[in-house]
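Trainee: I am new to this structure and would like to learn it piece by piece. Please guide me with a few questions and answers.

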Amino acid sequence: MGKRFPREELLAPGHRGCAGCGASILVRMALKAAGRDVIVVNSTGCLEVFTTPYPETAWRVPWIHTAFECGGAVASGIERAIKALKKRGKFKDRKITVMPIIGDGGTADIGFQALSGALERGHDIVYIMYDNEAYMNTGVQRSSATPLFASATTAPAGKRSKGEDRPKKDMAMIAAAHGIPYVATACISYPEDLMKKVKKACEIEGPAFIHVLQPCTVGWGYNPEDTIKIGRLAVETGFFPLYEIEHGEFRITYRPAKRKPLKEYIRMQKRYRHLTDEDIEILQKYVDERCKLLGLE
Amino acid sequence: MERVDVITGTTAAAIGVKLSNVEVIAAYPITPQSECVEMLAKFIADGEFDAEYIKVESEHSAMAACIGASATGVRTFTATAAQGLALMHEMLYIASGMRLPIVMLNTNRALSAPINIWCDHQDSVTERDTGWIQIYAQNNQETLDSIIQAYKIAEDEDVLLPVMVCIDGFILTHTVEPVYIPDERKVRDYLGIYEPKHAYLDPDRPITQGPVGVPECYMETRKQINDAIERAKEVIKRVNEEYYQLFNRRYGNGLVEGYNLENADTVLVAMGSVCETIRYVIDRLKKKGKNIGLLRIRTFRPFPKEEIKEMLEGAENIGVLDRNISFGLNMGALGTEIMATLRDKKICNYIVGLGGRDITPRNIEEIVKHLEESKDVETKWIGLKE
Ligand SMILES: Cc1ncc(C[n+]2csc(CCOP(=O)(O)OP(=O)(O)O)c2C)c(N)n1
Ligand code: SF4
Ligand SMILES: [Mg+2]
């Protein structure tokens, strides 16, 4: 890994992210894979807020934030502007990667339309959904990417509630349904896999969508030193399978030798602490079914 | 070479965009604007115009895409009306807050409900505080000229703010008039290529655009926008004169345009195409020995306070026509602001032409008569059914 990806950090340290934040780890890796010829688009959310309290910035690459729901549209405008600038002779023989890095709320909920528009129109962008499974910036409210039975502040566990009552929206498959050349899932606990995917996405012409799972200490309720471990368990249990769909061809990119019981993953996080063993059994069945569907026994 | 075409307001705007060498267009159709973006698509399809055209899925995305493109350093355009403008609302503040010289055509149309595709000014007047410069054109020629001027104004280093060119839906958008089309080379020489000097996205010069504006800096950003739109007054006046030197047309001093103001005790104040109707009535009344003046507000933002004070100094009866209404105040926006500008005058506010209700010469005469007879400040709705 050290050989193929640069040591240079394009996201500076000293930002205001929580200790153990998976989002900053993701950005560091994605930028190592993309290199300097990149323009990053953020939507409103944790990442934008903790990296840019004026007059400070953690970004060593060009970066823009406008609003919450328009990452796909802003990226579309930038991509076409680069095309226009190329007609004037700027960026000659260079491929500039336009990279929206947008939260699960900004992708799966309020920015869903802008994302779909950008994918459908075929813009040459690398859209990274950084998924911490809730609206973290505003206090851990549920999003449509919040998994079944996780407690969130607008879907709290209680006497008559097991937390979120709907399963997680499957954004990678929704993106794939747009017929775009590249779709992948990734997790920050598998850096090489993640960076390879980002690199491939940068090289492919046309829209690429990478759904990255990113554990969040605050929203999920675990100790900062466990971020990587939790991400690993999400993958090893089959809760979050790693795959790619390249020009329509589906391929599992990481196959756990033997899937671990989901319970190991669930029991590490406070957002699930209200669950009984029977509840976890329901979740286990759900995960088993999805894994079967993807050919991940 | 300059030529004359007989065209609609939307076509005039589209030709203005083409002449201005716009590089990225992002737009979504809505009546009565659609013809403008259809024309632009056709120019591109026919190989007459080499712009990137993003067929976005909403007006919110149209403005977002223009913001992205403009922040990357190219000239951008979009067009909309009513519901589309309202949907953009959030992004309008972001365009001005990021100091991006985006130009937009707004074809004025009433807001729902009930849904109504016809003209009034409620849509753009509602956006008056967004930090956009607003130019209200009164005919198709001015529409074309204003689009070209809008880029010159927006991109000026002293301004760097977006500009909205507003034209009356159907009255201008769907009516043909003879329009002088300036020579393409001349316009291109005048505007040049847009090259931002300060903030733009470029991997060779990484900067952060749109960061968190903490309380220690936010208020200053507001003051800077306010100062810039104030400075825009001089720029608009200068551009109006430059344009006159080059293309032989000017619109008052760029901010306001007076008509028959000398020796007129009674003066009407208005924006948009109704000013042409008012002028017609003024000429007619003149023949009957009546002296009525007109002050046309061309830029609602920046609001030309100084000119208004100066030009209405001698007026005794001032009637302000508003194609919009502030519910709960029973006044329109222009009426309110003229009243705030001229505190010692008798000013009547006339609510007219909402949702496409015609404003006829007879309505104007009714306003003049009421104004001359009225003793005090008053708001009156004109043209309501009995
Ligand atoms: C139109 C609009 N609605 C609501 C908000 C408030 N808001 C800001 S960030 C955010 C949640 C962001 O969630 P996500 O995209 O998942 O990013 P995260 O903070 O979790 O990283 C919300 C609800 C907003 N800024 N704009
Ligand atoms: S709340 Fe979660 S996503 Fe946000 S900075 Fe903290 S750890 Fe990162
Ligand atoms: Mg989130």
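**Backbone turns, rings and a metal site**

Mentor: Asn263(B) lies in the loop between strand 10 and strand 11 of chain B; helices (H or I, at least four residues) and strands (E, at least two) are DSSP runs, numbered from the N terminus.

Trainee: Before we go on, what kind of model is this?

Mentor: Residues are numbered from 1 along each chain as its sequence is written, chains are lettered from A and ligands numbered from 1 in the order in which they are written, and side-chain values use heavy atoms, without hydrogens or water. Local features need pLDDT of at least 70 and side-chain atom pairs pLDDT 80 or more, while totals for chains, interfaces and linings use all residues, since this is a predicted model.

Trainee: Thanks! Is Asn263(B) buried or exposed?

Mentor: Asn263(B) is not a glycine, yet its phi is positive, at about 65°. Buried means under 20% relative accessible area, exposed over 50% and partly exposed in between (1.4 Å probe, protein chains only). With a relative accessible area of 69%, Asn263(B) is therefore exposed.

Trainee: What is the relative accessibility of Asn260(B)?

Mentor: Asn260(B) sits in the loop between strand 10 (256-259) and strand 11 (266-270) of chain B. Its phi is positive too, near 55°, in a residue other than glycine. Asn260(B) counts as buried because its relative accessibility is 12%.

Trainee: Which residue does a cis peptide bond join to Thr31(B)?

Mentor: Look in the loop between strand 2 (24-26) and helix 2 (34-45) of chain B, where you will find Pro32(B). With omega at about 5°, the cis peptide bond joins Thr31(B) to Pro32(B).

Trainee: And in chain A, what is omega for the peptide bond from Tyr54(A) to Pro55(A)?

Mentor: Pro55(A) has its place in the loop between helix 2 (46-51) and strand 2 (63-65) of chain A. The bond from Tyr54(A) to Pro55(A) is cis, with omega near 5°.

Trainee: Let us turn to the rings. Why is the pair of Tyr136(B) and Phe300(B) given the class it has, and what is that class?

Mentor: The structure holds 12 aromatic pairs over all chains. Rings of Phe, Tyr and Trp (its six-membered ring) pair if their centres lie within 6.5 Å; planes under 30 degrees apart count as stacked, over 60 as edge-to-face and the rest as tilted. The centres of Tyr136(B) and Phe300(B) are 6.3 Å apart and their planes stand at 80°, so this pair is edge-to-face.

Trainee: How many residues separate the two partners in that pair?

Mentor: Tyr136(B) belongs to strand 6 (residues 133-136) of chain B and Phe300(B) to strand 13 (residues 299-301) of chain B. The pair links distant parts of the chain, and its partners are separated by 164 residues.

Trainee: How far apart are the ring centres of Tyr243(B) and Phe247(B)?

Mentor: Both residues are in helix 8 (residues 215-247) of chain B, and being 4 residues apart they are separated by about one helical turn. Tyr243(B) is buried at 0% and Phe247(B) at 4%. The planes are at 40°, so the pair is tilted, and the centres are separated by 4.6 Å.

Trainee: Now chain A: which residues coordinate the magnesium ion (ligand 3)?

Mentor: Donors are N, O and S atoms within 2.8 Å of the metal (3.2 Å for Na, K and Ca), and sites may look incomplete as water is not among the atoms. Along the chain, the donors of this magnesium ion follow the spacing D-x27-N-x1-A. At 2.0 to 2.1 Å, the ion is coordinated by Asp104(A) (OD), Asn132(A) (OD1) and Ala134(A) (O).

Trainee: How many residues apart are Asp104(A) and Asn132(A)?

Mentor: Asp104(A) is in helix 4 (residues 104-109) of chain A, whereas Asn132(A) is in the loop between strand 4 (126-131) and strand 5 (157-158) of chain A. Asp104(A) is buried at 1% relative accessibility, and Asn132(A) at 4%. The pair links parts of the chain separated by 28 residues.

Trainee: What is the relative accessibility of Gln214(A)?

Mentor: Gln214(A) lies in the loop between strand 8 (208-213) and helix 8 (217-220) of chain A. Leaving aside neighbours within four places in sequence, the contacts (heavy atoms within 4.5 Å) of Gln214(A) include Cys21(A), Tyr130(A), Asn132(A) and Trp220(A). Gln214(A) counts as buried, with a relative accessibility of 1%.
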